[in-house]
Amino acid sequence: MHADKSDLPERFLSELAQLKDQGRFRELNCAAKAEAAEQISSKVILKGEPLVNFASNDYLGFASTIDASGSRISGEYAFGSGASALVSGWTTSHERLVGEIKQLEGTEAAVVFPSGYAACSGVISALAGPDDLILSDQLNHASLIDGCRLSKAKTRVFAHRETAHLERLLKDSRSSFETVWIVTDTVFSMDGTIASLEAMSELAKQYDAWLVVDEAHATGVFGSGAGMLAELGVEARVAMKIGTLSKAIGCQGGFAAGPQLLIDYLVNRCRSLIYSTSLSPVVAEQAADRIQWVQEDEGRSRRVRALASRFRRAIGAGKALSLADRLQVENEVPIIPVICGDGSDRAAIEASSKLRREGFWVPAIRPPTVPERTSRLRVSLTA
């Protein structure tokens, strides 16, 4: 099941109600694109009403009207949004993108961020309160780790994919905290491994905790584009799904998808959303197009998954699992780490340099991005 209003912690509902009572509840106002002539006179259309726009930070008018030489442009969509989403930077292009994300992810609501980093760090730091506990996988992406640090919650780290360790932490600590958030990547960016999502979901249900997952490296590739949760059929106790538009979708930006209550909360409390200029409308349109393509044609995702499996077999890195084993899908993750020699920085750099001389660009990944003595080549495949 997806999270709904009745399941979620009461504090979100009560805090939003308090903001409404104070007249401080904020929502996104969608500005329709104006005709070219209206753009020149700084017009926007809000709920069908043409208004002169004194809310944008587009001081020189470059975002949608003229190029650097002063000539008028003829593009259909603005280059820049001109302001943060809550001021005047939320457009029909962003609304269209949100609609495609909701359809892809099967959620009630969604919101778009200017980057995946902003989405991950912002969502975690906004949702987790001072009376909460965050349980975070040891190998989570830096953006999730920073979100944990920015939050006022207590954070404890469990060993990578070790659900027994996670359960011990839940058993020892659950009663001491109002809400517990289990935070994890679904596909780990430097290891190509998959989180133990089924077991984590069961533990979250058993201990009345909530999952917040980052689908950055699974969106577009698995689960008919929706990600690894959809691929494995794991939706229970998932409060929020975070994703990116800069990887398989091939654009820029990030998103959060979940129940309307939590999206409303992010709009009112998430600093990386509130205080960042919103995504370019041109990028939003392109991302919406690509999400449509992903849903209509899975040919590219099938191809890159097949190539990943083939590559692993060729280098002897394929996992010897039965087709019935859910981890068989790890063979199809298009991230293949190759630990070089003794795992030293020098070994990884030498291997990368040798490959470059042969015409291949495979960067060496070293600490602190990966643990000490695990320097590696990270092979990333495309369709």
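**Exercise 1.** In the crossing where α4 passes α5, is the hand left or right? Describe how the two helices pack in this predicted model.

*Solution.* 
Step 1. Two packed helices are described by the angle between their axes and the distance between the axes.
Step 2. The axes of α4 (residues 116-127) and α5 (residues 142-150) come within 7 Å and cross at roughly 30°. Angles under 35 degrees count as roughly parallel, so α4 is roughly parallel to α5.
Step 3. The crossing in which α4 passes α5 is right-handed.
Step 4. On the α4 side, the residues in contact are Tyr 117, Cys 120, Ser 121, Ile 124 and Ser 125. They meet Ser 143, Leu 144, Asp 146, Gly 147, Cys 148 and Leu 150 of α5. By class, this contact of α4 with α5 has six nonpolar, four polar and one charged residues.

**Exercise 2.** Which residues of helix α7 are buried, and what covers them?

*Solution.* 
Step 1. Buried means under 20% relative accessible area. In α7 (residues 197-206), the buried residues are Leu 197, Met 200, Ser 201, Leu 203 and Ala 204.
Step 2. Viewed down the axis of α7, these buried residues fall within an arc of 165°, so they line one face of the helix.
Step 3. Glu 202, Lys 205 and Gln 206 are exposed on the other side of α7.
Step 4. The cover over the buried residues of α7 includes the strands β6 (154-158), β7 (180-185) and β8 (210-214), together with the helices α6 (163-173) and α8 (228-232).

Technical notes
Residues are numbered from 1 along each chain as its sequence is written. This is a predicted model: local features need pLDDT of at least 70, side-chain atom pairs count only at pLDDT 80 or more; totals for chains, interfaces and linings use all residues. Side-chain values use heavy atoms; hydrogens and water are left out. Buried means under 20% relative accessible area, exposed over 50%, partly exposed in between (1.4 Å probe, protein chains only). Helices (H or I, at least four residues) and strands (E, at least two) are DSSP runs, numbered from the N terminus. The arc is that of the directions from the helix axis to the C-beta atoms. Contact means heavy atoms within 4.5 Å. Axes are lines fitted to C-alpha atoms, for helices over the stretch in contact, and angles run from 0 to 180 degrees between N-to-C directions. Angles under 35 degrees count as roughly parallel, over 145 as roughly antiparallel, 65 to 115 as roughly perpendicular and the rest as oblique. A crossing is left-handed if the near helix is turned anticlockwise from the far one by less than a right angle, and right-handed if clockwise. Ala, Val, Leu, Ile, Met, Phe, Trp, Tyr, Cys and Pro count as nonpolar, Asp, Glu, Lys and Arg as charged, and the others, Gly among them, as polar.
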